[in-house]
Each structure stands twice: as structure tokens, then as C-alpha cells.
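Dear colleague,

Please find below the structure that I am handing over to you. My notes on what was found in it follow directly after.

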Amino acid sequence: MAEEAGKESQKKKKKPIFLVLIILVVLIIGGGTLAFFFLKKGSSGPKNIQAQSSSYESVLNDKNVHIKTIPSMIINLADQSGDRYLKISLALVMNGKEKTKSGESSGETLEDAAIKNAIITVISTKTSDTLLTLSGKEELKKQLIKAINNALGEDAVKDIYFTDFIIQ
């Protein structure tokens, strides 16, 4: 009798150990599969980063451009609720040499005012849903370049970098 009770308790101990081993194997296989998919999915990332870094390097090495920073602006967005805002700061890659400010007492030029007006005009027509997507940001860059160049009357802006982009 005591022997049978000992065998039954041994069988009961083997079942939990066997279950734990099965669960561990399933978790390891599942984790490996997830890791494979995430790593495979992310393999296209370095190509994009490499293309962007070469673009940045070409701008940095180009002596015929300069950077014009536009300080933070808070702009109302065109959402239906009317209570969404975008805080944005920009770095404009401008063609040509940097113009010196001569005779300006306020520190802001007519060019600065035209640029800010173009930015506000374009962004105030956008919704937060549009701007939260990558394609929306890329489209915004294209539209801003076009609007600023139209406002300045020349192809002054070559590229735009967002240095601050917060939607509230």
C-alpha cells in the first residue's frame, strides 16, 4: 500500500515537470519566431538610414547652401474639433550664401516674415491625423518648400528638416 502511494506521488511529480518543459519549449520557439520576424522586418531600416545619412552629408559638404533656423511656432490645425495645435521648429536648407542683416533693428527681416507666413498658411490647412503619418510629414515638407519658394520669388529652399514637431 505504501509502495503504491509512493509510485502515484512520483507520477504526479513528473506531470508538472513535463508540463513546465513543454511550456518552456513553446515559449522558446515562439520567442525565436518573433525575434526572426522583427529582425527581418527591420532589415530594410539600415538602407533608409544610410540613404538619409548620405543626404545629410551632401548638405553638410555643400558650400553653396546655408541653414536658416525658424524658431518654434504654435499653429492651429484644421481639425473638426478646432482644439489641436502643432508646435514646430524648422531648419531650412537654403541655396546660396547667407544674407547678412543690415539696418534691421528688430532682428527679423521681411524674408523671415514671408517664410513664417507661408508656413502658417500651409500648416493651418492640415489636420492632426494627416500630420501624424510619415507620408503626411513628407507631403508637408514638399508643400512648405513650394510655398516658401513662391513667397520668396525664387528657388531659395532646397530642403526642410523638422527640429521640433509636437501635436497637442
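Ile 123 is part of helix H3, which covers residues 110–123. Please bear in mind throughout that the model is predicted. With a relative accessibility of 0%, Ile 123 falls in the buried class, for which the limit is under 20% relative accessible area. Setting aside residues up to four places away in sequence, Ile 123 touches Ile 75, Asn 76, Leu 77, Leu 86, Ile 88, Leu 140 and Leu 144. Its C-alpha atom is separated by 9.2 Å from that of Gln 143, a residue 20 residues apart from Ile 123 along the chain.

**Helix H3**

H3 consists of 14 residues, and the distance from its first C-alpha to its last is 20 Å, close to the 20 Å expected at 1.5 Å a residue. Its buried residues include Asp 112, Ile 115, Ala 118, Ile 119, Val 122 and Ile 123. These buried residues line one face of the helix, because they fall within an arc of 130° when H3 is seen down its axis. The partners against which the buried residues of H3 pack are strand S1 (65–76), strand S2 (85–95) and H5.

**Helix H5**

H5 has 19 residues and reaches 27 Å from its first C-alpha to its last, which is close to the 27 Å expected at 1.5 Å a residue. Among its buried residues are Gly 136, Leu 140, Lys 141, Leu 144 and Ile 145; Ala 147, Ile 148, Asn 149 and Leu 152 are buried as well. The cover over the buried residues of H5 includes S2, H3, helix H4 (128–131) and strand S3 (157–167). After H5 comes Gly 153, which has a positive phi, near 75°.

Ser 89 is located in strand S2 and counts as buried, at 8% relative accessibility. Its side chain is joined to that of Ser 72 by a polar contact of 2.7 Å. Apart from neighbours within four places in sequence, the contacts of Ser 89 are Ile 70, Pro 71, Ser 72, Tyr 161, Phe 162, Thr 163 and Asp 164.

One of these contacts, Phe 162, is partly exposed, with a relative accessible area of 21%. The structure holds one aromatic pair. The rings of Phe 162 and Phe 165 have centres 5.0 Å apart and planes at 55°, so the pair is tilted.

**The chain as a whole**

The protein chain contains five helices and three strands, arranged along the sequence in the pattern α-α-β-β-α-α-α-β. It has 168 residues, of which 25% count as buried. Of the contacts with a separation of 6 or more, 67% are between residues 24 or more positions apart.

**Confidence**

The average pLDDT of the protein chain is 80, and 70% of the residues score at least 70. Which elements have the lowest and the highest mean pLDDT? The lowest, 55, belongs to helix H2 (residues 45–61), and the highest, 96, to helix H5 (residues 134–152). Where pLDDT is low, the predicted coordinates should not be read in detail.

Yours sincerely

Technical notes: Residues are numbered from 1 along each chain as its sequence is written. Side-chain values use heavy atoms; hydrogens and water are left out. pLDDT is the predictor's confidence in each residue, from 0 to 100. Helices (H or I, at least four residues) and strands (E, at least two) are DSSP runs, numbered from the N terminus. Buried means under 20% relative accessible area, exposed over 50%, partly exposed in between (1.4 Å probe, protein chains only). Contact means heavy atoms within 4.5 Å. Rings of Phe, Tyr and Trp (its six-membered ring) pair if their centres lie within 6.5 Å; planes under 30 degrees apart count as stacked, over 60 as edge-to-face and the rest as tilted. The expected span of a helix is 1.5 Å times one less than its number of residues. The arc is that of the directions from the helix axis to the C-beta atoms. A polar contact is a pair of N or O atoms within 3.5 Å; within protein, one must be able to donate a hydrogen and the other to accept it, and residues adjacent in sequence count only if both atoms are side-chain atoms.
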